[in-house]
Amino acid sequence: TGVYHVTASLEWNASTAGVRMVRLVVNDYTNVIAADMIGESLPSGVGHPQAVSGDWRVASTADYATVQVWQNIGSTGSISSGAGGSPIAFCAHKVSA
């Protein structure tokens, strides 16, 4: 229990169309810690980094955080493996009791 600062970052493969979203949630859906959405009209030929972070008060040792990603680009809307681009990351650290 306590307050934790949580962060998730990733990079989407290059695509100029569609919307991409990443969010941090508690216990899958009950509470959104942080969310970010990027939309259409993005530059072509480059990956698109995206990151979210926020503070989360953990009330129970049964609570857990999940990173969720969503896109409506279609089959070309994938997350980069990190090779040659931004690494995929999730971290949390305790900031107070």
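Reader: What does Gln 50 touch, not counting residues up to four places away in sequence?
Author: Gln 50 touches Ala 8, Ser 9, Leu 10, Trp 12, Arg 20, Met 21, Val 22, Asp 36, Met 37 and Ile 38, where contact means heavy atoms within 4.5 Å. This is a predicted model, in which local features need pLDDT of at least 70 and side-chain atom pairs count only at pLDDT 80 or more, while totals for chains, interfaces and linings use all residues. Residues are numbered from 1 along each chain as its sequence is written, and side-chain values use heavy atoms, with hydrogens and water left out.

Reader: Is Gln 50 buried or exposed?
Author: Gln 50 counts as buried because its relative accessibility is 3%; buried means under 20% relative accessible area, exposed over 50% and partly exposed in between, with a 1.4 Å probe and protein chains only.

Reader: And which strand is Gln 50 in?
Author: Gln 50 is found in strand S4, residues 48-58. Strands (E, at least two residues) and helices (H or I, at least four) are DSSP runs, numbered from the N terminus.

Reader: How many helices and strands does the protein chain have?
Author: The protein chain has 0 helices and 6 strands, so from the N terminus on the order of elements is β-β-β-β-β-β.

Reader: Switching to backbone angles, what is the phi of Asn 27?
Author: Asn 27 has a positive phi of about 50 degrees, although Asn 27 is not a glycine. Asn 27 is found in the loop between strand S2 (20-26) and strand S3 (31-38), and at 25% relative accessibility this residue counts as partly exposed.

Reader: What about the surface: which residues make the nonpolar patch?
Author: Val 67, Val 69, Ile 79, Ile 88 and Phe 90 make a nonpolar surface patch of about 400 Å². Patches are made of residues with over 30% relative accessible area and no salt bridge, like charges being joined within 9 Å and nonpolar side chains (Val, Leu, Ile, Met, Phe, Trp, Tyr) within 5 Å. A salt bridge is a side-chain nitrogen of Lys or Arg within 4 Å of a carboxyl oxygen of Asp or Glu, and accessible areas come from the Shrake-Rupley method with a 1.4 Å probe, where for residues only the protein chains shown count as cover.

Reader: Where does Val 69 lie?
Author: Val 69 lies in strand S5, residues 65-71, and is partly exposed, with a relative accessible area of 41%.
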